[in-house]
Amino acid sequence: PVPRGKPCSSLPAGSQLPCFHGSSTIRNLKERFHMNMTEEQLQLLIEQMVDGSMRSITTKLYDGFQYLTNGIM
């Protein structure tokens, strides 16, 4: 299992950086980390995201672009 600490707790409180201004920035980051999910829920979500990505035409197009421009597959 991946250790699940508090990734957003080390963000600078009162930072002057524009990206941290606004009340929703930190909340949105926390939501992206899915801190409210159990390990089982998180595993299912990740499997669904990977499956969706593998079936996505945009993923296939991007992979093709990377292969043609950078030789990355």
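1. Fold. The protein chain has three helices and zero strands (DSSP runs: H or I of at least four residues for helices, E of at least two for strands, numbered from the N terminus). Along the sequence the pattern reads α-α-α.

2. Basis. This is a predicted model, where local features need pLDDT of at least 70, side-chain atom pairs count only at pLDDT 80 or more, and totals for chains, interfaces and linings use all residues. Residues are numbered from 1 along each chain as its sequence is written, and side-chain values use heavy atoms, without hydrogens and water.

3. Burial. Of the 73 residues in the protein chain, 10% are buried (under 20% relative accessible area; exposed is over 50%, partly exposed in between; 1.4 Å probe, protein chains only).

4. Contacts. Take contacts between residues at least 6 apart in sequence: 43% of them join residues at least 24 apart. Contact means heavy atoms within 4.5 Å.

5. Q66. This residue sits in helix α3 (residues 57-70). Q66 counts as buried because its relative accessible area is 15%. Its side chain makes a polar contact with the side chain of Y62, at 2.8 Å (a pair of N or O atoms within 3.5 Å; within protein, one must be able to donate a hydrogen and the other to accept it, and residues adjacent in sequence count only if both atoms are side-chain atoms). Neighbours within four places in sequence aside, Q66 is in contact with G71 and I72.

6. I46. Helix α2 (residues 39-55) holds I46. I46 is partly exposed, because its relative accessibility is 45%.
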